[in-house]
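Here is a short note for a colleague opening this structure for the first time. Please keep the viewer open and go through the points in order.

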Amino acid sequence: MSLGALLLALFFGLLLLRVPIGIALGLAAVLIIHLGHLGLQVVSFNFQAGIAKFPLLAIPFFILAGAVMDKAGIAERIVRLVLALVGRHRAGAALAAVLVGMFWGAVSGSGPATVAALGPILYPLMVRQGYSLGFAAALVAAAAELSIIIPPSIAFIVYATIAGTSVAQQFLAGILPGILLGLLLMGGAYLVVRARGWGRPEKVDRPLGALLQEASWGLLTPLVILGGIYGGVFTPTEAAAVGVFWGLFVGFFVYKTLSLESLYRLLVEAGVSSAVVMLIVGWAGLFAWAADTTGLVDALRKALLGLAANPWQLLFLLNFLWLILGTLMDAVSIYYLTIPALIPVMAHLGWDPVWMGVVMTVNLAIGQITPPVAVNLFVSARISGLPIERIWREVWPFVLASLLGLLLFSYWPLLRQALGG
């Protein structure tokens, strides 16, 4: 068995033994480096080089920004405003859940973080309107998948760093797919609610103007972050830092919901979450180096180029591969496993890497709500207190709606052209 094949076998073997993905990546790489006499001294250098990249500095800042804005009370005020706008409709609560999920995706950049922020607010509201708790948990988890598509997206930052694309261009390309996927999820939710006879109009006692004034500081958040990026005021990495200070300003001086004690807890929470992500980034980078050095990347590249005579077939196989991997692994690991072999193939076929980043990320977003792993569903189960199986049964209409969106982004010429493909 070649070292490249052994590397893959070790990695998947460790996953079957329920070793965490980041540790499995690093352990498999280190073992192969040792067995292949590649020099263990490269481990520390590659690990440090993998995370010491300026664009990746945005990840801990966006994680902290999302946590700060959640605790500042922005999510609750946005929910009240959106419910006042669409709550008069029978499926208003379901539509509001998706709309708020779309907005919060422009704040947190993380699917699980969006579920954690919105679930405690939306679940009681939807149950009060007659929805089953399982449906509510599944819908919020599905809406949270938009968080890695709608900018600013942590997934897009990692993809752009590996593929060599512009983070700002990648963010811009995610806006249209995020909106279209959101509309498809809203359509699926409406059909389910109507078929089951759920929902009733939500009475909002407070004037719309007052609710809009309360939520206005939160509504300005995406405009500050994205407007600053595309206005040339700051880079995406600097925008992440600006987002933190904006959230702190709103929480301390506008809503006055934050304290120094709560800020300390937020810093600890964001530090732990960032460490987990960066640990995976570091070990995944080492794994990618080992895969390249042992010839695994070159073998995969040749296999993909062998299928390049039929680009449509190759694109279908790539979508299928990413969907399967997305149900089993996190997005960061999948990027490092597949992008190095894909870069020369995209160049050979003339595929735009920004468009390919959108297609790949949509696949991985669907994986966040598709069993068996489905990280968004597990977070939703923990918050709702339901067995994960109850939420699995309710999520399939939203998986199908997302798959329809994936087909459109992959194969509809107008959308491909709009996204650069």
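1. Conventions. Helices (H or I, at least four residues) and strands (E, at least two) are DSSP runs, numbered from the N terminus. This is a predicted model: local features need pLDDT of at least 70, side-chain atom pairs count only at pLDDT 80 or more, and totals for chains, interfaces and linings use all residues. Residues are numbered from 1 along each chain as its sequence is written, and side-chain values use heavy atoms, with hydrogens and water left out.

2. A cis bond in a loop. Start with Pro152. This residue sits in the loop between helix H8 (133-144) and helix H9 (154-163). The peptide bond that joins Pro151 and Pro152 is cis, with omega at about 0°.

3. Positive phi outside glycine. His37 is not a glycine, yet its phi is positive, about 55°. His37 belongs to the loop between helix H2 (21-35) and helix H3 (42-51). Is His37 buried or exposed? Buried means under 20% relative accessible area, exposed over 50%, partly exposed in between (1.4 Å probe, protein chains only). With a relative accessible area of 72%, His37 is exposed. Lys256 is another non-glycine with a positive phi of about 55°. Its place is the loop between helix H12 (236-254) and helix H13 (260-293). Lys256 is exposed as well, at 65%.

4. The kinked helix. Look next at helix H16, residues 331-349. Where does H16 kink? The kink is at Ile339, shortly before the proline Pro340, and amounts to about 45°. The bend at a residue is the angle between axes fitted to the seven residues ending there and the seven starting there. Ile339 is among the buried residues of H16, which also include Tyr335, Tyr336, Leu337 and Val345.

5. The ends of H16. Asp330 caps the N-terminal end. A side-chain oxygen of Asp330 lies 3.1 Å from the backbone nitrogen of Val332. Just after H16 comes Gly350, with a positive phi of about 75°.

6. Aromatic rings. Rings of Phe, Tyr and Trp (its six-membered ring) pair if their centres lie within 6.5 Å; planes under 30 degrees apart count as stacked, over 60 as edge-to-face and the rest as tilted. By this rule there are 16 aromatic pairs. Why is the pair of Phe103 and Trp104 tilted? The ring centres of Phe103 and Trp104 are 6.5 Å apart and the planes meet at 50°, so the pair counts as tilted. Phe103 is buried at 14% relative accessibility. Trp104 is buried too, at 1%. Elsewhere, Trp217, Trp246, Phe249, Phe252 and Phe253 form one aromatic cluster.

7. A charge over a ring. Arg77 lies over the face of Tyr255, 3.8 Å from the ring centre. The test asks for NZ of Lys or CZ of Arg within 6 Å of the ring centre and within 35 degrees of the ring normal.

8. A buried threonine. Thr114 is in helix H7 (residues 111-128). Its relative accessibility is 1%, so Thr114 counts as buried. What does Thr114 touch, not counting residues up to four places away in sequence? Contact means heavy atoms within 4.5 Å. The partners of Thr114 are Trp104, Ser108, Gly119, Ala144 and Ser147.

9. Salt bridges. A salt bridge is a side-chain nitrogen of Lys or Arg within 4 Å of a carboxyl oxygen of Asp or Glu. The whole structure holds seven. One of them joins Arg80 and Glu214, at 3.0 Å from N to O. This pair links distant parts of the chain: Arg80 is in helix H5 (residues 74-86), Glu214 in helix H11 (residues 208-230), and 134 residues separate them. Arg80 is partly exposed at 30%, and Glu214 is partly exposed at 22%.

10. Bridges within a helix. Glu261 and Arg265 form a salt bridge, with the closest N and O atoms 3.3 Å apart. They are four residues apart in helix H13, so about one helical turn separates Glu261 from Arg265. Glu261 is exposed, at 57%. Arg301 and Asp298 also form a salt bridge, at 2.4 Å between the closest N and O atoms. These two are three residues apart in helix H14 (residues 296-306), again about one helical turn. Salt bridges that share partners also join Glu76, Arg80 and Glu214 into one network.

Conventions: A polar contact is a pair of N or O atoms within 3.5 Å; within protein, one must be able to donate a hydrogen and the other to accept it, and residues adjacent in sequence count only if both atoms are side-chain atoms.
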